[in-house]
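Please look over the sequence and the fold before reading on.

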Amino acid sequence: MKNKTFGAFVLPLGAMLLSACGGGGGDKIKLRIGFWPEPTETREVAMYNLWKEAFEAENPEYTIIADPYTYDTTTIMSKFNGGTLPTVFQTWFTEPLKLKNLNIIRPITSQLHALGWDDMMDDGMKTTMTFDGEIYGVPRDGYGLGLLLNMKTFYDNGLLEKDKDGKYILYDEQDKPLYPTSFEEIYEASLAISEYDDTKGILICSANKNGGWQFNNIAWNFGANFQTQDEKGKWVAHLDSPESVKALSWIQKMKQDGLLLNSPSVTYDEWYSSIGSKVAMAIVGSDVLHLAQTSGGVNMDDLAFLPMPTGDGVHHTSLYGGTPFVFNKNATDAQVEGILKFFDYIGRSPTTSERNVAAIVDGYEVSKAKNQPVIPKIMPWKNEDYLSMAKNLETQYLSVDMDYYADFYDHIDQNKRSEEPYYTQEMYEFLDLAIQSVLTAPDTASPSALLTTANAKLQSLFDQNLNH
C-alpha cells in the first residue's frame, strides 16, 4: 500500500524527462546514492538492493545507482568539480554552512515543505541546516557525547559493588551516583585504578581533529564559551579563556600522573579497542556505542553510558551533533523529490507508512543477525506519530540494560548543545595541536600559551572571512 503522503506527489512532465547529475540514460531520472553501504557490508547491501528493487518497481521513472562515498574535507571539492559527487551524500552537522558557501550543495526547502517534513524535523537539527531561511539537508540521526564507563574495571578495583543478583550498583540508596560525575572524580578514580593494575583512567583524543572535538565539550563543562559575537556583530574567539585553560590543565595533570595512554597521538576510533582493558573510561558519542561489542569484543553488560562530567560543578553539557543528508548543488528538483521518496523505502522518512516501518524493522533485523547491540537513538523527527512508532520498535529490539543508560538519555534534551558555528573543523585541528603538546611535554608545556596560539589562528579566520 502506498503512503498517502507521497500519493499526491506528482512530478511535472518536464521533470520526468530530466536525467540525474552525472550522466544521461534515456528518460530515467538517475539518483546516485552516496550513503549506499560499502560492498564489504554484505547484509546491508542486500537490504539496500531489495529497497532499490521495490522503489524502482513502484517508481519506474527513476533509476537508483549505488555510489558509496565517505565524506572527506580533502576530496569534496575535487569530486564536485569533477562531476563525481553523488546526488545525495552524508556529512557532519558542522559542514552544511561551509558546503553551502562553497556552492557545493543546494537548498531543498520547497520539496520538504510540500511533504510537511520541514515542520517535523527535530528543532536543533533543523537549525544546523538552515541558512537565510533555506533548509539544506535532511537529518539522519543525532548523537550526544557522554562518559562510557567500564563497570567491570571499577568493580575489580573496588570502586563499584554488585547487588545480590550480580548487577553493578551505580547509585546509592538516595539515588546519588556512585560513578564519577566531575573531572576531579575522574582523576581520583583513575589514580585509584592505577594503584592496582596497568589500566589507564580515561582515553583522551588528540589527533585527526578528534581531540579538539572532545576538548570543546570538556571545556564547556569548565564554563568555557569558544565563539561569541560582540555588540557590533564581530565574531570573537575565546579558546584561551581561563575556563579553557583549566580544562587543558586537567588533561596535563592526568598525563603528569601517568593516568593516560602513553601515545601523544590518539584517535577516536581507538576507544572501542581500549575500553575493554586499556582504559576505564572514554568520552563517546551515543551513536557508536555498539562498536564496543562488535569491534572491541566487550560485553555490553559491563558498560554504562553516563552524562558528561562537570568541571565547574554546574555544567554537564553534552556536545550534540549528527549526520545530515545533503544534496549536490547540481541535483534537479526531480532528483530531490525522488530521493525524498526513496527515504520512505529505507526507513529514513518521518512517516508511519507501511514501507517506512518495514524498512526500520529491516534495519533492526540486520543488526540482530550481525549480533550488533541495539541502543536508544536520538531521533531526527519530532512528530508524535513518528516518535510513538519509532520508540515502540526501538523498545522491542533494545538489547542493553537501560539501568546503565537511562541517566544519559533522561537528561540529554536538557544537556545537549550544538557544536560551535564557524570554522569548527579548523578549530578542532588547532586544539589537537595544543593537546598533543601537553601530552608530549606535560612537565613544561604551558596550557595558556598553547591555547593563546590556537586562539590567534581561529581569530584570524574570523577576521579574514567573517568580520568585514
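Which residues in α9 meet which residues in α11? Phe183, Glu184, Ile186, Tyr187 and Ser190 in α9 meet Trp250, Lys253 and Met254 in α11, where contact means heavy atoms within 4.5 Å. The model is predicted, so local features need pLDDT of at least 70 and side-chain atom pairs pLDDT 80 or more, while totals for chains, interfaces and linings use all residues. Residues are numbered from 1 along each chain as its sequence is written, and side-chain values use heavy atoms, without hydrogens and water.

**Helix pair α9 and α11**
- The axes of α9 (residues 183-194) and α11 (residues 242-256) come within 11 Å and cross at roughly 5°, which makes α9 roughly parallel to α11 (an angle under 35 degrees).
- The contact residues divide into 5 nonpolar, 1 polar and 2 charged; Ala, Val, Leu, Ile, Met, Phe, Trp, Tyr, Cys and Pro count as nonpolar, Asp, Glu, Lys and Arg as charged, and the others, Gly among them, as polar.
- Helices are DSSP runs of H or I with at least four residues, and strands are runs of E with at least two, numbered from the N terminus.
- Axes are lines fitted to C-alpha atoms, for helices over the stretch in contact, with angles from 0 to 180 degrees between N-to-C directions.

**Nonpolar cores**
- The largest nonpolar core has 130 residues, and Ile202, Phe215, Trp250 and Trp271 have the most contacts inside it.
- A nonpolar core is a set of buried Ala, Val, Leu, Ile, Met, Phe, Trp, Tyr and Cys residues joined through side-chain atoms within 4.5 Å.
- Helix α18 (residues 424-440) gives the most to this core, with 8 residues.
- A second, separate core of 13 residues includes Tyr71, Leu97, Ile105 and Tyr136.

**Asp141**
- Asp141 lies in strand β6 (residues 138-150) and is buried at 15% relative accessibility (buried is under 20%, exposed over 50%, partly exposed in between, with a 1.4 Å probe and protein chains only).
- Beyond four places in sequence, the residues that Asp141 touches include Phe93, Met125, Arg348 and Pro380.

**Positive phi**
- Most residues other than glycine have a negative phi.
- Asp132 has a phi near 55°, sits in the loop between β4 (130-131) and β5 (134-135), and is exposed at 70% relative accessibility.
- Asp175 has a positive phi of about 65°, sits in the loop between β8 (168-169) and α9, and is exposed at 60%.

How values were computed. Parallel < 35°, antiparallel > 145°, perpendicular 65-115°, else oblique.
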